[in-house]
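Here's a friendly walk through a few helices and residues. Have a look at the structure before reading on.

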Amino acid sequence: MTEHIIDPSIIEAENASRAADLNVDYDTLGERLDRRGIAIDAIKSKVAAFSVAVPSWGVGTGGTRFARFPGKGEPRDIFDKIEDCAVIAQLTQATRTVSLHIPWDKADPNRLKQAASRFNLGFDAMNSNTFADAKGQLQSYKFGSLSAADAATRNQAIEHNLECIEIGKTIGSKALTVWIGDGSNFPGQVNFTSQFEHYLDSMKSIYAALPEDWRIFTEHKMYEPAFYSTVVQDWGTNYLISKELGDKAFCLVDLGHHAPNVNIEMIVARLAQFGKLGGFHFNDSKYGDDDLDAGSIDPFRLFLVFNELVDAESRDADFAPAHMLDQSHNVTDPIESLMLSAADVQRAYAQALLVDRQALKAAQEANDALAATQELRRAFRTDVEPILSMARLEQGGAIDPLATYRAAGYRAKVAEIRPEIEAGSSGIV
Ligand SMILES: [Mn+2]
């Protein structure tokens, strides 16, 4: 029996006030889609089955290099975080898994498993952390971790990743995501080649410990915290890594980890074509790794990414990249941001499902650029909100997650039992 944190009667009352309008909106959209040869219920089913993982670190208030402004009722530990994730899942019905970050979320794995199963939550990819020093660790990662010049430091970083796999095995995770901050700040500080050799050797040791049914995801990022060079700086290097490691290794695309204006959807297409697209960290960006809410800056780009994913899905039924949000919430209630972001990712998926693939192909083959791009724009301009709302309603979620969350007064309630915590690591990866 799944436990509910938000009293279902609150959700029912909130939904009751919106159900009549939703039914009209859904039927109207259904008629319009029907004229385009699209069955709205089929789209709704796919949207309902869609899930994006919530990062445990996302439910805490984030920060910048300059400051962190803690919010009220912030989670004190991973168990509070799991409860916050359960609220997001209950209201949106779009986030069935939680992604843990070790050592931030370190706890008895059996307790973690129990805590999540109370709310019928599963665990997504494990995330290792060798970009910061953990309390009491022997070697420092100041000058690198998996690619460090010092063998003892590399070994410690490898051991940490092996520990993440062990924890993950107990809690039912099936993947490890590795992102390192290794790089350099000065020309000449490191030898690019030997640094990357060290990295590959370390990753091979980690790969060797992966269970048979696990995947390993490597995440590229152009810069930061190293500002002159970064070891895994772009998708090309990421692809090389996945090829060097083997069939269980895949590339993870974090939308914020590219230079402005980079054609990310094309990177997605390339990685999918060659079977190396592992998954996503969804967020949005104006300038760099801003970790803004998914779809808040450039929803068209998010749609174009999903257009490639649906295209890949249409060619390969087994195509199933991992979806996760990776955001930092500095000025909003993280639960609110994550709920809206999950819906925005779902929205991009729903819009991409509306693209008439045959018409698009015909336009492309006829070199009719405008007809092709109009096909995409028509899908993107369709307001699919009634589909998302109906999918939530039918699964016990909220037609309007934000309004329902506010009506439930969750944040004020947990603020009473969770004492304010000091500003700590914000965890932007
Ligand atoms: Mn990320």
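## Before we start

This is a predicted model, in which local features need pLDDT of at least 70, side-chain atom pairs count only at pLDDT 80 or more, and totals for chains, interfaces and linings use all residues. Residues are numbered from 1 along each chain as its sequence is written.

Helices (H or I, at least four residues) and strands (E, at least two) are DSSP runs, numbered from the N terminus.

## Helix H11

Let's begin with H11, which covers residues 334-353 and so has 20 residues. From its first C-alpha to its last it reaches 28 Å, close to the 28 Å expected at 1.5 Å a residue (the expected span is 1.5 Å times one less than the number of residues).

Is H11 enclosed or open? Of its 20 residues, 18 are buried, so H11 is largely enclosed by the rest of the structure. Buried here means that 20 or more other C-beta atoms lie within 10 Å of a residue's own, with 12 or fewer counting as exposed and anything in between as partly exposed; C-beta atoms are placed from the backbone.

Two packed helices are described by the angle between their axes and the distance between the axes. The axes are lines fitted to C-alpha atoms, for helices over the stretch in contact, and angles run from 0 to 180 degrees between N-to-C directions.

Take H4 (residues 78-92): it packs against H11 at an angle of about 40°, with the axes 10 Å apart. That makes H4 oblique to H11 (under 35 degrees is roughly parallel, over 145 roughly antiparallel, 65 to 115 roughly perpendicular, and the rest oblique). On the H4 side, Asp-84, Val-87, Ile-88, Leu-91 and Thr-92 meet Ile-335, Leu-338, Met-339, Ala-342 and Ala-343 of H11. Residues are in contact if their C-beta atoms, placed from the backbone, lie within 7 Å. By class, this contact of H4 with H11 has eight nonpolar residues, one polar and one charged (Ala, Val, Leu, Ile, Met, Phe, Trp, Tyr, Cys and Pro are nonpolar; Asp, Glu, Lys and Arg are charged; the others, Gly among them, are polar).

H15 (residues 401-408) is another partner: its axis comes within 10 Å of that of H11, and the two cross at roughly 160°. That makes H11 roughly antiparallel to H15. Ile-335, Glu-336, Met-339, Leu-340 and Ala-343 of H11 touch Pro-401, Leu-402 and Tyr-405 of H15. Seven of these are nonpolar, none polar and one charged.

## Ile-387 in H14

Ile-387 lies in helix H14 and is buried, with 29 other C-beta atoms within 10 Å. Beyond its neighbours within four places in sequence, Ile-387 is in contact with Leu-29, Ile-40, Ile-43, Lys-44, Val-47 and Ala-350. Arg-347 is 40 residues away along the chain, with 8.8 Å between its C-alpha and that of Ile-387.

## Met-324 in S11

Where is Met-324? You'll find Met-324 in strand S11 (residues 322-325). It counts as buried, with 27 C-beta neighbours inside 10 Å. Leaving aside neighbours within four places in sequence, its contacts include Val-52, Ser-99, Asp-124 and Phe-280. Gly-188, by contrast, is 136 residues from Met-324 in sequence and 36 Å away in space, C-alpha to C-alpha.

Notes: Contact = placed C-beta atoms within 7 Å.
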